[in-house]
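Colleague: I would like a close look at one part of this model. Please take me through the aromatic side chains and the surface around them.

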Amino acid sequence: MTPGEAFRIFAKKSIEAGGIPFEVSQPNARLSSSINSEDYLKFDGAESGLEWLNNESK
């Protein structure tokens with residue numbers, strides 16, 4: 001499935017459901033802790049992030 005196909009399916013289901021076609025809830029304590037953690041990499045932009053991903057996979 002391509003990203004374009006996935007988006008079209010999501011858009012169609014959103015229209016049919018009259019909103020987001022899945023339940024959205026508040027993050028649990030573990031996820032909140034992870035989101036607020038400083039234990040992650042920061043990039044200056046998308047290009048530097050993609051460069052890091054491409055170099056890590058080699």
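Modeller: A residue counts as buried under 20% relative accessible area and as exposed over 50%, with partly exposed in between. Keep in mind that this is a predicted model. Start with helix 2, residues 29–36. Of its eight residues, the number buried is zero, so helix 2 lies largely in the open. At its start, a side-chain oxygen of asparagine 28 comes to within 3.2 Å of the backbone nitrogen of arginine 30.

Now the part you asked about. The loop between helix 1 (3–17) and helix 2 holds isoleucine 20. Its relative accessible area is 51%, over the 50% cut-off, so isoleucine 20 is exposed. Isoleucine 20 belongs to a nonpolar surface patch with Phe7, Phe10, Phe22 and Val24. Together these residues have about 540 Å² of accessible area.

Next, the rings. The count comes to two aromatic pairs. In one, the ring centres of phenylalanine 10 and phenylalanine 22 are 6.3 Å apart. Their planes meet at 40°, so this pair is tilted. Phenylalanine 10 sits in helix 1 and phenylalanine 22 in the loop between helix 1 and helix 2, so the pair ties together parts 12 residues apart in sequence. Phenylalanine 10 is partly exposed, at 36% relative accessible area.

Phenylalanine 43 and tryptophan 52 also pair, with ring centres 5.8 Å apart. Here the planes are at 50°, so this pair is tilted. Phenylalanine 43 is partly exposed, with a relative accessible area of 38%. Tryptophan 52 is partly exposed too, at 34%.

Conventions. Residues numbered from 1 in each chain as written. Predicted model: local features only at pLDDT ≥ 70, side-chain atom pairs only at ≥ 80, totals over all residues. Heavy atoms only, no water. Buried < 20%, exposed > 50% of the residue type's maximum accessible area, 1.4 Å probe, protein only. Helix = DSSP H or I, 4+ residues; strand = E, 2+ residues; numbered from the N terminus. Polar contact = N/O pair within 3.5 Å; in protein donor to acceptor, adjacent residues only side chain to side chain. Patch = residues over 30% accessible without salt bridge, like charges linked within 9 Å, V, L, I, M, F, W, Y side chains within 5 Å. Areas by Shrake-Rupley, 256 points an atom, 1.4 Å probe, with all protein chains shown as cover. Salt bridge = Lys/Arg side-chain N within 4 Å of Asp/Glu carboxyl O. Phe/Tyr/Trp six-rings, centres within 6.5 Å; stacked < 30°, edge-to-face > 60°.
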